[in-house]
Amino acid sequence: MSLTYVPAELRRRVRDRAKGCCEYCLVPESVTFVQHEIDHIVAEKHGGQTSAENLALSCILCNRRKGTDLTSVDPHTGQVALLFNPRKHRDGSLPVAGLAHRAADAHWPCDRATSWP
Ligand SMILES: [Zn+2]
């Protein structure tokens with residue numbers, strides 16, 4: 001939950017950049033029953049800013065699952081791993097394959113840690 005009001009123009013910019021798709025699972029808003037939300041990738045309680053760089057369009061399921069967390073347990077290793085960050089992990093250094101890329105058997109720890117149980 002955002003503590004800070006996100007101005008309409010910034011919301012529109014984030015939504016346009018994401019092309020209407022959840023930046024975590026890539027589900028298009030057009031196929032969901034609930035409007036996607038503006039998510040602070042790094043939650044405000046952890047010092048995250050209300051800026052385009054730190055905001056992501058998120059479906060309600062991903063936003064509720066992620067909450068304000070930054071890490072989770074990698075189900076393969078049992079080690080703490082960073083959650084998927086659409087600004088850091090979608091820069092070409094990690095594969096992006098849509099819904100399947102955040103599966104429990106994914107290659108990258110951040111994808112496994114962010115996967116649905
Ligand atoms: Zn999603």
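Two residues count as in contact here if their C-beta atoms, placed from the backbone, lie within 7 Å. Among contacts in the protein between residues at least 6 apart in sequence, 57% join residues at least 24 apart.

A quick word on the source: this is a predicted model, where local features need pLDDT of at least 70, side-chain atom pairs count only at pLDDT 80 or more, and totals for chains, interfaces and linings use all residues. Residues are numbered from 1 along each chain as its sequence is written.

There are three helices and four strands, in the order α-β-β-α-β-β-α from the N terminus. Both kinds of element are DSSP runs numbered from the N terminus (helices H or I, at least four residues; strands E, at least two).

| Element | Residues |
|---|---|
| Helix α1 | residues 8–17 |
| Strand β1 | residues 37–40 |
| Strand β2 | residues 55–58 |

Buried means 20 or more other C-beta atoms within 10 Å of a residue's own (exposed is 12 or fewer, partly exposed in between; C-beta atoms are placed from the backbone). By that count, 27% of the 117 residues are buried. After α1 comes Lys-19, with a positive phi near 55 degrees.

Strand β2 is another story. Leu-55 and Leu-57 point one way, Ala-56 and Ser-58 the other, and all are buried. In general, side chains in a regular strand alternate between the two faces of the sheet. β1 and β2 run antiparallel, joined by four bridges; Glu-37 has Ser-58 as its bridge partner. Leaving aside neighbours within four places in sequence, Leu-57 contacts Val-14, Arg-15, Ala-18, Cys-22, Glu-23, His-36 and Ile-38.

Technical notes. Two strands pair if DSSP finds at least two bridges between them.
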